[in-house]
Amino acid sequence: MKTLILAVAIRILLPLFILFSLYILLRGHNHPGGGFIGGLICAIGFIFHTMAHGPGHTIASFFCICIYVQPRQTGQNKLSHLLRLLSANVVNRKKLKGNATYTLKLLQVDPLFIIASGLFFAASSGVAGLLLQQPYMTAYWADFYLPVFGKPGTPILFDFGVYLLVLGVILKITFVMAEE
Amino acid sequence: MVILILAGILLAFAAPQLYHWLGKYTYLPFTLFAAAVFVYLSTYVPGILQGHTYSYGYTWTPSLNINIDFYFDGLSLLFSLLISGFGVLIMLYAGGYLKGDPLLGRFYLYLTLFMVAMLGVVLSANIFSLFIFWELTSVSSYLLIGYKNEKKEARDAALQALLVTGSGGLALMAGLLLLGIAGGSYSLTELLTRGDLVRASELYIPALVLVLAGAFTKSAQFPFHFWLPNAMEAPTPVSAFLHSATMVKAGIYLLARLSPVMGGTEAWQYSLMAAGGITAVFGVFMAMQHTDLKALLAYTTISALGLLVTLTGIGAAPALQAMLVFLLAHALYKGTLFLVAGNVDHATGTRDLNQLQGLGKKMWRTGAAATMAALSMAGVLPFFGFIGKELLYQAALEAEVFGFLLLAVFFITGMVFVTVAFVLGYGLFWKKSENTTPVQHHLPPSLYLPPLVLATAGLAFGLLPGIMATPLLQRAAQAVLVEEQSFKLVLWHGFNLVLGLSLLTLVAGYVVFLYSIRLRSFAPFIDKVHRFGPNYLYKLSIVGLLYGATRITAVIQNGYLRNYILVIILTLMTLVTMALWNGEPALEFGSRMYQLRDVRIHELILVLLIFPALAFLLLTGSRLTSIAIMGMIGYTAALFYILFGAPDVAATQLLIETLTVVLFVLILHKLPAFRKLVTSYQRIRYIIVSAVFGGMMTYVMLLVKQFPIKSELKRYYGENGYLLGKGHNIVNVILVDFRALDTLGEITVLAVAAIGIFAVLKLQLGKGDNS
């Protein structure tokens, strides 16, 4: 779907979506909210982005780390080649997008990876109890408050795992369906 | 100990990466790990020899009595030393045997996992952790048998082993639970002191049957023996480690361990002696019919396991001593012979006895190991097997019941063991023949050293039984018999009846060896009979199961979503109706009418909104419209949640509805045109079913509200949500703290579902590409 308004708006809104979802995640322990809802909100932001720009663009902008490389041309000295690459990677990244000779995908985060890390965080939040000779999943809280974040404790880690997992699941489904 | 086990599991899962880094040196960390375990366990030897026992407890789920407890006594130490000692050699051997195999990393993963699980089985003092490790050995055995996963035989054999030992494991679980109920404890150490209580309980016989089912399937006793010969599809190091030296002896370990608790009754004695005796004779009988080296060894292993079960069944002190000695001797020589078979296979490319001749010159080191092991197997004088055989006859002579029958069983098996020993130790390597089998390559030290070490150990144990074996075996026998044991193992008993029997066995075995080729000509005939044995029954039941599953699936899951929903709703309705029918109090409409007066106007409006939406949904001809209306109905439900004070649920519902609509929109244009697929008759049927279902759910909800909920939970969560969970939002505190394990389960399901959706969608794409 190519709608100009959505396409422009979502670029501005997406960071807000993410911030808001994190806010929902963190407030969840005392007010309505939590990892599940937070994950859903974050995912909806990305889904709108996918709707407006297509899955390829979403993946390339948010789930990839790209550096641009180009073989050194004849007659070009090493320093200018390096400088050129540097400027390609720092200053004018946008221009090079789609220019095949330049791109190298360094790291692509598959949503499955997000799912797996969510499960990992959730499951490992209970290990603290095991290590302290308590039943698995015994909660531990720190004795201090962090600004913005609140009181850190293992349930927050668990909720963060839920957040990541829900985000990953919906992203995976969306990307697979949208790519079809 | 728990650290060691965890370290082992971590190391196991690092194996593929280690293989990536280390290449052909992958065996090093694993051999070192096994060696470290062996050394660690050896530090317990002095204490155990002085008669101490050690236990370590780690709480896991104390409210359910599920703990990880470890218990060190003579018996568990004997087994764990055997496992880790074998582990060292096998890890080394596998590195040479599977050199260059692209999946070697995975192989070490499975093998290390198995070793850790096996240690867990023999050291566990809690029946739940015992069961978990027991099943883990089955699973790792499955993975190891199916290691050559591109071969259908290997996959089938792996599945068979898993199904047989896995279902045996389930029976064992039930049996152990009954045992725990009868004895009033789930701790093995406590159960060991409550034998009388258990034996007097009326749960004794069911528990016995179930535990025996577990032990017999694991230890390949007749009629569950058939998985073991098929399991020889596994690479030879696996066969040597799992299917002769350690895993199949887990059943024997369990019987020996439970012998003070459950043993001594007639039911115990007769069932063990019968199963063991039949297995022993059957095993050697089948062994004579095979020319494949590994099949030959597999059947003799089955037979030896039968002997061990029989000896455990006799239950008297001499029998159990003989059992322990024979167990050790068997592990040493059978492990060696398997490794020898692996070497022969590796060097010549065949395992067929008819094609293998005169290997002694080219492979003299392997040959030497084979001969030493064969001498031990045959029970020739300076070897440890000789002591085992002597004690075996001694036990039969001193048995209270069936002495003569037992003697016959021991004699027949001993005789065939001698024959097999001749075949392997003499016929294969040193018998003079014109055309020797060509040897394709020389064997590296990692292949010939382990069997040599094992065979030499067999000799050393035999020559110096007083130093090497007696002390630990005494303590092991003490653990089985509960009282102090003072038997001494000696090589030479003097000229007596037992020695005569030993000699007679040797002579008879040699005679059978001379005629063995003629005996083997019966093989095709026996094969015909054997085809209808337990293996055939197993195949039949698998085929039947698959056929039944296909038929049922075709009826209730025919590919149409509406049909799935219909089946689910009808099943639920049937169950609810059955529950309501059985004398549940009926709904009292009259006394509840007052509640209608409390309905407020905005609630009524929300309800009334749903009706036109529904009517529109049923009549619309556009997919987009129907999706939007579905979303609208969902939003209405969310509004209800808000009205009744559940903001968390409402927020989730709103977001899910939004997501559903958005996702549908994403794929909408890919879907075929909206068509009516059902006739109006079917439509009416669906309408009736949904109306009845809706009515029933309303009735049930009203009925539930009729009774005050006498649950402490609400109060408990309300009070402790902030005190213990440190949160004001009870829903969230319950989700991430009080019931976090449930949530973990749910999100795991979610993750699996995502992978499933991914697989289904991608799979269909693949199909499209192929056609």
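At 14% relative accessibility, B:Thr350 counts as buried (under 20% relative accessible area; exposed is over 50%, partly exposed in between, with a 1.4 Å probe and protein chains only). This is a predicted model, where local features need pLDDT of at least 70, side-chain atom pairs count only at pLDDT 80 or more, and totals for chains, interfaces and linings use all residues. Residues are numbered from 1 along each chain as its sequence is written, chains are lettered from A and ligands numbered from 1 in the order in which they are written, and side-chain values use heavy atoms, with hydrogens and water left out.

- B:Thr350 sits in the loop between helix 16 and helix 17 of chain B; helices here (H or I, at least four residues) and strands (E, at least two) are DSSP runs, numbered from the N terminus.
- Not counting residues up to four places away in sequence, B:Thr350 touches B:Val344, B:Asp345, B:Gln355 and B:Leu356, where contact means heavy atoms within 4.5 Å.
- The B:Thr350 side chain also reaches the backbone nitrogen of B:Asp352, at 3.1 Å.
- B:Arg351 belongs to the loop between helix 16 (317–348) and helix 17 (364–378) of chain B, and with a relative accessible area of 23% B:Arg351 is partly exposed.
- Setting aside neighbours within four places in sequence, B:Arg351 is in contact with B:Thr291, B:Asp292, B:Leu293, B:Lys294, B:Asp345 and B:Leu356.
- One of those partners gets a polar contact: the side chains of B:Arg351 and B:Asp292 meet at 3.1 Å. For a polar contact, take a pair of N or O atoms within 3.5 Å; within protein, one must be able to donate a hydrogen and the other to accept it, and residues adjacent in sequence count only if both atoms are side-chain atoms.

**Chain B as a whole**

- Chain B has 36 helices and two strands, and its C-alpha trace spans about 105 × 65 × 50 Å along the principal axes.
- Of the 771 residues in chain B, 51% are buried.
- Among chain B contacts with a separation of 6 or more, 77% come from residues 24 or more positions apart.

- Most residues other than glycine have a negative phi, and most peptide bonds are trans.
- B:Ala220 has a positive phi of about 55 degrees although it is not a glycine.
- B:Ala220 lies in the loop between helix 10 and helix 11 of chain B and is buried, at 0% relative accessible area.
- B:Phe222 and B:Pro223 are joined by a cis peptide bond, with omega about 0 degrees.
- B:Pro223 is in the loop between helix 10 (204–218) and helix 11 (227–230) of chain B.

**Helix 2 of chain B**

- Helix 2 (residues 27–42) of chain B has 16 residues and reaches 22 Å from first C-alpha to last, close to the 22 Å expected at 1.5 Å a residue; the expected span is 1.5 Å times one less than the number of residues.
- Its buried residues are B:Phe30, B:Thr31, B:Phe33, B:Ala34, B:Val37 and B:Leu41.
- Seen down the axis of helix 2 of chain B, these buried residues fall within an arc of 155 degrees, so they line one face of the helix; the arc is that of the directions from the helix axis to the C-beta atoms.
- The buried residues of helix 2 of chain B pack against helix 1 (2–22), helix 3 (45–49), strand 2 (66–72), helix 4 (74–97) and helix 5 (104–123) of chain B.
- Turned away from that buried side, helix 2 of chain B carries the exposed residues B:Leu32 and B:Val39.

**Chain A**

- Chain A is divided into domain 1 (4–63 + 109–179) and domain 2 (65–108), with bounds from an automatic or database domain assignment.
- The centres of domain 1 and domain 2 of chain A, taken over C-alpha atoms, are 33 Å apart.
- In helix 4 of chain A, A:His81, A:Leu85, A:Ala88 and A:Asn89 are buried.
- Those buried residues of helix 4 of chain A fall within an arc of 95 degrees seen down the axis, so they line one face of the helix.
- A:Leu79, A:Leu83, A:Leu86 and A:Val90 are exposed on the other side of helix 4 of chain A.
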